[in-house]
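Let's take a walk through a protein together. Have a look at the fold, and then we will visit some aromatic rings and a helix.

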Amino acid sequence: MANFTPEELRLAEPQPIGESTLEAWYMDDSDADQRLPHRLEPNQPCSLQALRALGVLSWKLDADKYENDPKLEAIRKVRGYSYTEVLEISPDRLPGYAEKVKMFYEEHIHTDEEIRYILDGTGYFDVRDLDDRWIRIKCAKGDLLILPEGIYHRFTLGTDDYIKVRPAAVCATCVQDAVCASHAQDVVCGKLCCGQQSSTPSVHACWEMYPLVPQAT
């Protein structure tokens, strides 16, 4: 069993609901551009308590010091994330951008929790609640979001068409399985830190299409 210091455990705690600036709301059923906010009229906010009840966790971090942030390192250590990548998604950085953005928006689930740290830009994560209603979560610079395994979700960029994101996982293969859409076969992680099999092909754009900056440890 891993041992963590009291300070590491404290730093890794999700941001208290009363301090969070994360914004979420229930979505309309319009087929307009997915990158628009899609708020109901009148707007129906979703409380952070409701998101926590679904297992959605969030932090607000200093994205300008992500390479040397004690809080981020504590979160990674306590939750067992040993591998990360830095991805930039925009029309000039991702070939076939328009089609890939549509693929991001296809509803799917994962067998592991999904971890995304927004370093720049904006985007929306949509999750289904227990009544099958879509909740839209706005993510901006400094937001770290964790979606629990088994929750139906999808992702889209905002209308600025740019996001820089740092996903994380227990190893490289888990990250790859979470961002590669061109391989529909099962992926088995061969690293000792994981060894688990994922049979849920992701709908994210092909791994090789991203400009990557490895951040393995």
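A residue is called buried when its relative accessible area is under 20%, exposed when over 50%, and partly exposed in between (1.4 Å probe, protein chains only). With a relative accessible area of 6%, Phe155 is buried. What you see is a predicted model, where local features need pLDDT of at least 70, side-chain atom pairs count only at pLDDT 80 or more, and totals for chains, interfaces and linings use all residues. Residues are numbered from 1 along each chain as its sequence is written, and side-chain values use heavy atoms, leaving out hydrogens and water.

Which residue forms a tilted pair with Phe125? Rings of Phe, Tyr and Trp (its six-membered ring) pair if their centres lie within 6.5 Å; planes under 30 degrees apart count as stacked, over 60 as edge-to-face and the rest as tilted. The partner of Phe125 is Phe155, at 4.8 Å centre to centre with 45° between the planes. Phe125 sits in strand 4 and Phe155 in strand 7, 30 residues apart; helices (H or I, at least four residues) and strands (E, at least two) are DSSP runs, numbered from the N terminus. Phe125 is buried too, at 4% relative accessibility. Ring pairs also bring in Phe104, giving a cluster of Phe104, Phe125 and Phe155.

Now turn to helix 3 (residues 70-79), where Leu72, Ala74, Ile75 and Arg76 are buried. These buried residues pack against several elements, including helix 1 (6-12) and strand 4 (114-128), where contact means heavy atoms within 4.5 Å. Just after helix 3, Gly80 takes a positive phi of about 80°.
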